[in-house]
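This report looks at selected side chains and their surroundings. It begins with a question and then moves through pairs, packing and surface.

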Amino acid sequence: MSKGVDTAMKLRTWKYYINQGLRGIFKNGLMSFASIVIVSACIFIVILSLCIITNADYMLKQIESEIGVTLFLGEKPEQTDVDALIVELENMPEVSSVTFKSSEEALEDAKEMYTEELLDGLKDDNPLPRSLEIKLKDIKYQKSFIQKAEQLQVDFENRLFGVEDTDTPAEVSTTQQTEQTSTAQASTEQASEAATQAASQTSGTPQIGDADYEYQGIELISHAQQLTETLITLDTAFKLISVILVAILSIVSIGIIMNTIKLTVFIRKNEIGIMKYVGATDWFIRWPFIIEGLIIGLIGAIIPSVLCTLGYIKLYNFFNSDYTILKGIAQLKPAMDIFTVIIPIALLVGMLIGAIGSISSIRKHLNV
């Protein structure tokens, strides 16, 4: 019986707290409205920042899967050379996968992008080169991998002409071949360097590694490093700006809520004095103000949550409609995947701002 009475008393007590909290909001209508607006602005920035950050990471993952590094091969390398090159690339820590694409496969891919009639004349004389399409484990590894690929381009060229097939360059003399044979135990780099230098001295042609040298092994390294670095820089900058804006708006929100609570305390100071006189505990007096702040924070979080959800759904449908070129560039993350996580965070942040504002105000300005 006593437990039932205690439960009923607790329910009545909490009902009193809630009623008093709501009463304080309506009594200070203008200040409460200002607090809700500021909290809403803060939560809106939080939601907007999280949406953009989430989609930026999501798009970077899409770019990572679509934009890799492509090595275009010349006619010189035999298939055994290419197979050895693939193994060397796959052993690099930055590389996720390496896909070989023949000239015929490149032509078929081109037919999907252009009209087949336009490319029919290339069947007998296919100018498209073989290539290696490389996917990286993370887009942030692109810069370091490109540096390695550029060095690999030189090393691969040295191997092709310095050791594996010294007959190909017309400039390499019989004497140099004899020297290479007699020094078979020397390293690949030393032999290829000697052959290249001799060819350069004889004919005046650029050496391997020179800016104007025309590679016959790995002819070209194709990448989108500048675009990738720009996207990563923008993503980092926006994260920093978002954190700063949210921090500023949070401080402003807490300050306004504190002023709202202080006004409520001032209006009810006589009532609070009577409650203290009849023996009310400190927390019995504090809880209505804390709930007032929680309600302000909760309302301030619900409004932008609803507006942002509806707005994002429309934006998502626009991006994925058939009437926009944006669909082919990048896709937004589905609204359900984002807001099932963001909305609880937004509500929690709003209530936390309200609670901090109330507790700070009571602790500093309410003499209990």
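Leaving aside neighbours within four places in sequence, which residues is F100 in contact with? The model is predicted, and the contacts below are read from it. F100 is in contact with L73, Q79, V82 and I86, and also with E105, R130, S131 and L132.

**Around F100**

F100 sits in strand β2. Its relative accessible area is 25%, so F100 counts as partly exposed. F100 and D83 are 17 residues apart along the chain, and their C-alpha atoms are separated by 9.1 Å.

**Salt bridges**

How many salt bridges does a search of the whole structure find? The search finds three. Side chains of opposite charge can pair when their charged atoms come close.

| Pair | N to O distance |
|---|---|
| E88 and R159 | 3.0 Å |
| K148 and E94 | 2.9 Å |
| K101 and E133 | 2.7 Å |

Take E88 and R159, whose side chains meet in a salt bridge. This pair links distant parts of the chain, 71 residues apart. E88 belongs to helix α3 (residues 79-90), and R159 belongs to helix α6 (residues 142-164). E88 is partly exposed, because its relative accessible area is 29%. R159 is partly exposed too, with a relative accessible area of 24%.

Next comes K148, which forms a salt bridge with E94. Here the two residues are 54 residues apart, and again the pair links distant parts of the chain. K148 is in helix α6, while E94 is in the loop between α3 and β2 (95-101). Is E94 buried or exposed? E94 has a relative accessible area of 7%, so E94 is buried. K148 has 35% relative accessibility and therefore counts as partly exposed.

The remaining pair is K101 and E133, whose side chains meet in a salt bridge. It joins strand β2, where K101 lies, to strand β3 (residues 131-136), where E133 lies. The two are 32 residues apart, and they too link distant parts of the chain. Why does K101 count as buried? K101 counts as buried because its relative accessibility is 17%, and buried means under 20%. E133, with a relative accessible area of 25%, is partly exposed.

**S49 in helix α2**

S49 lies in helix α2 (residues 29-66). With a relative accessible area of 6%, S49 is buried. Where does the side chain of S49 reach at 2.6 Å? The side chain of S49 reaches the backbone oxygen of I45 at that distance of 2.6 Å. Not counting residues up to four places away in sequence, S49 touches F238, S242 and V246.

**A nonpolar surface patch**

Which residues make the nonpolar surface patch of about 350 Å²? L240, I244, I248 and V252 make this patch. V252 is found in helix α9 (residues 225-267). V252 is partly exposed, because its relative accessible area is 36%.

**In brief**

Helix α6 holds R159 and K148. R159 pairs with E88, and K148 pairs with E94.

Key:
Residues numbered from 1 in each chain as written. Predicted model: local features only at pLDDT ≥ 70, side-chain atom pairs only at ≥ 80, totals over all residues. Heavy atoms only, no water. Patch = residues over 30% accessible without salt bridge, like charges linked within 9 Å, V, L, I, M, F, W, Y side chains within 5 Å. Areas by Shrake-Rupley, 256 points an atom, 1.4 Å probe, with all protein chains shown as cover. Salt bridge = Lys/Arg side-chain N within 4 Å of Asp/Glu carboxyl O. Helix = DSSP H or I, 4+ residues; strand = E, 2+ residues; numbered from the N terminus. Buried < 20%, exposed > 50% of the residue type's maximum accessible area, 1.4 Å probe, protein only. Contact = heavy atoms within 4.5 Å. Polar contact = N/O pair within 3.5 Å; in protein donor to acceptor, adjacent residues only side chain to side chain.
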